[in-house]
Amino acid sequence: MEKITGIKVIAFDADDTLWENETFFREAEQQFAELMLKYSPKNETLKVLYDVEIANMPIYGYGIKAFILSLIETANLLSGYQVSARQINELTDLGKEMLDKPVVLLEGVEEVFKKAAVNYKLIVATKSDLLDQERKLRKSGLLKYFHHIEVMSDKTSDAYQILIQHLDVKPNELMMVGNSLKSDVLPVLELGGWGVHIPFHTTWQHEIVTEPITNNKFIELGSVSELLKLLD
């Protein structure tokens, strides 16, 4: 694997790059679909939920709180507004359970941070609910390694451009590492930075990219541990 030189900042996505997250959403969706069986078959419930989430994204953004609001709206739609206050409370309790999940680092993450922090500025560039991400970062034990933490409302090329200007680096001096091609890789490649994709076993369908990427600054790795082989 050819070494990359000239990198000054390595930015990491958080959820499903540093610790597991998406699995909890899939589990919650299945619990919700079970709850809605009286009103709708599972497949239809999940389809309507996804449509509601996408419609709500410009209003609520990303994260568990936005997800729970979409669950409540979907429950009302599917039931014809017949769900009980108790059932609504079950949905909010489901959200609280998700917010209280332990933060377990993915294999190799802390070892990479210990070594990479010697020669590079490490930052977090993530999206989702600010309070939730701050909580997970505290629980992770990784805060001591970070030069900067950026929680974005969405990961667009414009948002990354603002981040690059804030960091006072050139785009080709930034390497972004994440599990989402759509959010972590493509916007950074568009600006001239390096995009490192580390797939996670579960991906939300909104983040899936099917088109091949042909860019000499695009790299795909099997695990975060392989990142050290890239660096000078």
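## Basis of the description

Because the model is predicted, local features are taken only where pLDDT is at least 70 and side-chain atom pairs only at pLDDT 80 or more, whereas totals for chains, interfaces and linings use all residues. Residues are numbered from 1 along each chain as its sequence is written, and side-chain values use heavy atoms, with hydrogens and water left out.

## The parallel sheet

Six strands form an open sheet in the order β3-β2-β1-β4-β5-β6, with parallel pairing; strands (E, at least two residues) and helices (H or I, at least four residues) are DSSP runs numbered from the N terminus, and two strands count as paired if DSSP finds at least two bridges between them. The edges of the sheet are formed by β3 and β6 (218-220), each of which pairs on one side only. On average, neighbouring strands of this sheet are turned by 20° against each other, direction ignored, where the axes are lines fitted to C-alpha atoms (for helices over the stretch in contact) and angles run from 0 to 180 degrees between N-to-C directions.

Strand β2 (residues 121-127) is mostly covered, since six of its seven residues are buried, buried meaning under 20% relative accessible area, exposed over 50% and partly exposed in between (1.4 Å probe, protein chains only). Strand β1 (residues 9-12) runs parallel to β2 and is joined to it by four bridges; F12 has V124 of β2 as its bridge partner, and I10 stands opposite L122 in β2. With strand β3 (residues 146-152), β2 pairs in the parallel sense over six bridges, and there the bridge partner of T126 is V151 in β3. Between β2 and β3 the chain passes through helix α6 (residues 130-140), and this β-α-β crossover is right-handed, a term that applies if, with the strands pointing away from the viewer, the path from the first strand over the helix to the second runs clockwise.

## Positive phi in two loops

Most residues other than glycine have a negative phi, and most peptide bonds are trans. Y81, although not a glycine, has a positive phi of about 65°; Y81 is placed in the loop between α3 and α4 (85-99) and is exposed, with a relative accessible area of 58%. D168, likewise not a glycine, has a positive phi of about 60°. The position of D168 is in the loop between α7 (157-167) and β4 (174-178), where D168 counts as exposed at 68% relative accessibility.

## Salt bridges

Side chains of opposite charge can pair when their charged atoms come close. Here a salt bridge is a side-chain nitrogen of Lys or Arg within 4 Å of a carboxyl oxygen of Asp or Glu, and by this rule the count comes to 13 salt bridges. One of them joins K8 to E173, with the closest N and O atoms 3.4 Å apart. K8 lies in the segment before β1 and E173 in the loop between α7 and β4, so this pair ties together parts that are 165 residues apart in sequence. K8 counts as partly exposed at 45% relative accessibility, whereas E173 counts as buried at 12%.

Another salt bridge, 2.9 Å from N to O, is formed by the side chains of D13 and K155. This pair links distant parts of the chain, with D13 in the loop between β1 and α1 (22-35) and K155 in the loop between β3 and α7, 142 residues apart; both D13 and K155 are buried. Within helix α6, D132 and K136 lie four residues apart, about one turn of the helix, and they form a salt bridge with the closest N and O atoms 3.5 Å apart.

## A nonpolar surface patch

I59, Y60 and L69 form a nonpolar patch on the surface, with about 300 Å² of accessible area together. Patches are made of residues with over 30% relative accessible area and no salt bridge, like charges being joined within 9 Å and nonpolar side chains (Val, Leu, Ile, Met, Phe, Trp, Tyr) within 5 Å; the areas come from the Shrake-Rupley method with a 1.4 Å probe, and for residues only the protein chains shown count as cover. L69 belongs to helix α3 (residues 64-79) and is partly exposed, with a relative accessible area of 40%.
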